[in-house]
Amino acid sequence: MFLAEKQGNSSSPSPAFGTNRVIPAAMEADAADQLKVRRIDEKDETGGGLGCCGWILVILSYFFMIISFPLSIWLCIKIVKEYERAIIFRLGRILAGGAKGPGLFFVLPCTDSFVKVDMRTISFDIPPQEILTKDSVTVSVDGVVYYRVQNAILAVANITNADSATRLLAQTTLRNVLGTKNLSQILSDREEIAHNMQTTLDVATDEWGIKVERVEIKDVKLPVQLQRAMAAEAEASREARAKVIAAEGEMNASRALKEASIVISESPAALQLRYLQTLTTIAAEKNSTIVFPLPMDLVQNIMGAKK
């Protein structure tokens, strides 16, 4: 089909437009064919015929059930709880109609078997994973995953053990996602990493009928030497900021003292008032010794009189 359309377009005056049209058409045709094949496979899986021998066995099973009716009724009626669904297999094929439940449902004792599927949300812990980050730092990271079975038929027919497969896939996804991150990104962007993991797991488990509802990063454990190095770095940065803040405070205080000295130098009485205020402050603390400062002018006058 692709070659025929390409040859037909090669005879047209504009081969460039012909090529651009063929590729999307072929892709759409392939997607449509795949969708049709998938639908046919689903019909074969769910509604396929039992065959002549199968129908004979089913009829015989009904016949024996009718003959032993008072007793066989207890073997034919089953009960599933509100949070459970039952997948019925009749002669190895999934019975048409989908999952049964909750409540009562009917099975044939000789030809039918069923599997119960729990539809509640299940949580499990991801074991600590030793991960080498993008900047070559080894960290140990663990987490928790919440998921539930969204399609009971897919969870039974498409995979052997959905719970075990989801656990293993969560461990692999955690290692793959964190392996592309730096240590600073792992420590600061936990929500983004958890969201990326949830999206990746949800897409991968969609074919298994599982819906990943939430992923959380629990703990990031660093090596002891790295913790000490980071603590020393943080302490040094805090000390540097403290020194800068103290220097800025001294600079502002010196400017304020300079302005105050200018104001006091303009009025000698202001200096005397400052002396009295200092004495009041010292006396309020109940000290036995009071240091009374004298103005330098007064001291110079006294020394000049003595000479």
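Where is the place of L57? L57 sits in helix α3, residues 51-67. The views below come from a predicted model, in which local features need pLDDT of at least 70 and side-chain atom pairs count only at pLDDT 80 or more, while totals for chains, interfaces and linings use all residues. Residues are numbered from 1 along each chain as its sequence is written, and side-chain values use heavy atoms, with hydrogens and water left out.

**View 1. A nonpolar surface patch includes L57.** The patch is formed by I56, L57, L60, F63, F64, I67 and L91. Together they have about 650 Å² of accessible area. Accessible areas come from the Shrake-Rupley method with a 1.4 Å probe; for residues, only the protein chains shown count as cover. Patch residues have over 30% relative accessible area and no salt bridge; nonpolar side chains (Val, Leu, Ile, Met, Phe, Trp, Tyr) are joined within 5 Å, like charges within 9 Å. L57 is partly exposed, at 43% relative accessibility. Buried means under 20% relative accessible area, exposed over 50%, and partly exposed in between (1.4 Å probe, protein chains only). Helices (H or I, at least four residues) and strands (E, at least two) are DSSP runs, numbered from the N terminus.

**View 2. Helix α6 packs with helix α8.** Helix α6 covers residues 162-178, and helix α8 covers residues 190-204. Their axes are 10 Å apart, at an angle of about 135°. Therefore α6 is oblique to α8. Axes are lines fitted to C-alpha atoms, for helices over the stretch in contact, and angles run from 0 to 180 degrees between N-to-C directions. Under 35 degrees is roughly parallel, over 145 roughly antiparallel, 65 to 115 roughly perpendicular, and the rest oblique.

**View 3. D118 pairs with R120 in a salt bridge.** The closest N and O atoms are 2.9 Å apart. A salt bridge needs a side-chain nitrogen of Lys or Arg within 4 Å of a carboxyl oxygen of Asp or Glu. D118 is partly exposed at 27%; R120 is partly exposed at 42%. The structure holds seven salt bridges.

**View 4. D125 forms a salt bridge with K218.** Their closest N and O atoms lie 3.7 Å apart. D125 is in strand β6 (residues 122-132) and K218 in strand β8 (residues 210-221), so the pair ties together parts 93 residues apart in sequence. K218 is partly exposed, with 44% relative accessible area.

**View 5. E213 and R148 meet in a salt bridge.** The N to O distance is 2.6 Å. E213 lies in strand β8 and R148 in strand β7 (residues 138-149), so this pair links parts 65 residues apart in sequence.
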